[in-house]
Amino acid sequence: MDTLVAQLQRQFRDYTISLSPGFFGFLDDQFTELKKLQDECSPDFVAEVVSLFFEDCEKLIGNMARALDQTGNVDFSLVGSSVHQLKGSSSSVGAKRVKGLCVTFKECCDSQNFEGCVRCLQQVDIEYKSLKAKLQDLFNLEQQIVQAGGRIPQVDI
Amino acid sequence: MTKEIADEVPSLAESKLTALVVDDNFVNQTMHHKLLDRLGIENDVVCNGQEAVDVHCSGRNYDLILMDMEMPILNGIQATKRLREMGIESKIAGVTTRANEGDKKEFMEAGLNDFQEKPLTISKLLSILHRLDFYVQI
């Protein structure tokens with residue numbers, strides 16, 4: 001019978017793989033690159049960067065919402081600039097779905113498609129919140145493994 | 001971090017290289033700072049091209065500058081031109097997510113020594129260092 005640690009480690013592996021491009025596609029291999037930078041000197045590096053990313057999402061989505069709220073006088077270049085920023089940071093942490101939405105969003109900005117922009121904004125908001133919940137679950141699993149006395153398995157995305 | 005990963009990443013600490021990260025995005029700043037740290041390269045971070053110019057005006061100098069393209073106040077193209085006009089001979093590598101050929105050409109012509117698409121990784125950074133003769137892979 002599996003020990004608790006083994007069960008948790010298997011759960012962690014399965015959950016991580018479920019986030020990968022071959023499954024639900026929340027994350028891409030840049031997330032593995034991010035994990036490579038975590039070490040003894042910065043044991044919480046991934047959590048810190050991911051937290052910065054979600055703060056960035058909130059700020060930029062707020063900026064985009066305000067810009068799109070200027071009915072009849074929307075500055076699409078301003079919206080586009082925030083989308084570019086979000087694309088950059090999502091790309092850096094491996095947030096594949098968010099990055100993909102930013103590509104579509106940018107096209108809507110460039111063609112000054114107001115309805116398209118509003119739809120993209122709603123989708124980006126949903127998507128980053130979903131990713132935030134998923135990563136919180138992943139970090140919780142890591143904590144449980146460590147508390148049970150086990151090592152966190154290395155799982156590449 | 002496992003020993004296997006530690007063994008793969010070279011340390012350039014002995015070469016005492018210095019670098020400047022120029023990027024307006026906090027996530028990218030944090031990533032690039034850590035990437036350079038991991039390779040043993042002492043580095044500073046500024047938020048836009050104007051700050052990059054100002055830090056050089058204050059007398060600081062760096063072996064390598066990682067320059068983002070789109071930034072407020074003074075963008076990467078303008079900052080690169082300004083630094084070259086000032087006589088700064090540091091190696092400047094442009095890093096950006098916006099990488100169509102026209103943008104890349106304009107950025108290179110501003111005075112870059114190299115160009116790399118974001119997101120940066122350890123291996124991409126090593127490629128930059130190798131192409132700029134800071135690192136020889138054995």
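Predicted model: local features only at pLDDT ≥ 70, side-chain atom pairs only at ≥ 80, totals over all residues.

Biologist: Which residues of chain A does UniProt list for "domain: HPt", and what percentage of them is helix?

Modeller: The UniProt record, an unreviewed entry, lists residues 42-149 of chain A under that name. Over this stretch the end C-alpha atoms are 20 Å apart.

Biologist: Is Asp68(B) buried or exposed?

Modeller: Asp68(B) is where UniProt, again in an unreviewed entry, places "modified residue: 4-aspartylphosphate". The residue lies in strand 3 of chain B, which spans residues 64-68. Beyond four places in sequence, Asp68(B) touches several residues, among them Asp23(B), Asp24(B), Thr96(B) and Lys118(B). Because its relative accessibility is 4%, and the cut-off for this class is under 20%, Asp68(B) counts as buried.

Biologist: How much area is buried between chain B and chain A?

Modeller: The contact takes 25 residues from chain A and 21 residues from chain B. Val27(B), Met31(B) and Lys34(B) supply 27% of the area that chain B buries against chain A, more than any other three residues. Carbon and sulfur atoms give 57% of the area buried between the two chains, and that area is about 2100 Å².

Biologist: Which helix gives the largest share of the side of chain B that touches chain A?

Modeller: Ten residue pairs are in polar contact across the interface of chain B and chain A. The largest share of the side of chain B that touches chain A amounts to eight residues, and they come from helix 2 (residues 26-38) of chain B. By class, that side of chain B has nine nonpolar, six polar and six charged residues.

Biologist: Which residue of chain A forms a salt bridge with Arg38(B)?

Modeller: Two salt bridges are counted between chain B and chain A. In the one formed by Arg38(B), the closest N and O atoms are 2.9 Å apart, and the partner is Asp39(A).

Biologist: Which residue's backbone oxygen lies 3.1 Å from a polar atom of the side chain of Gln30(A)?

Modeller: Gln30(A) is found in helix 2 of chain A, residues 30-36. Gln30(A) counts as buried because its relative accessibility is 4%. Its contacts beyond four places in sequence include Met31(B), Pro119(B), Leu120(B) and Thr121(B) in chain B, as well as Ser91(A) and Val93(A) in chain A. The backbone oxygen at 3.1 Å from its side chain belongs to Ser92(A).

Methods
Residues numbered from 1 in each chain as written. Chains lettered and ligands numbered in written order. Heavy atoms only, no water. UniProt positions renumbered as here; feature names shortened; annotations may be inferred. Helix = DSSP H or I, 4+ residues; strand = E, 2+ residues; numbered from the N terminus. Buried < 20%, exposed > 50% of the residue type's maximum accessible area, 1.4 Å probe, protein only. Contact = heavy atoms within 4.5 Å. Buried area = accessible area lost by both parts, 1.4 Å probe. Salt bridge = Lys/Arg side-chain N within 4 Å of Asp/Glu carboxyl O. Polar contact = N/O pair within 3.5 Å; in protein donor to acceptor, adjacent residues only side chain to side chain. Nonpolar A, V, L, I, M, F, W, Y, C, P; charged D, E, K, R; others polar.
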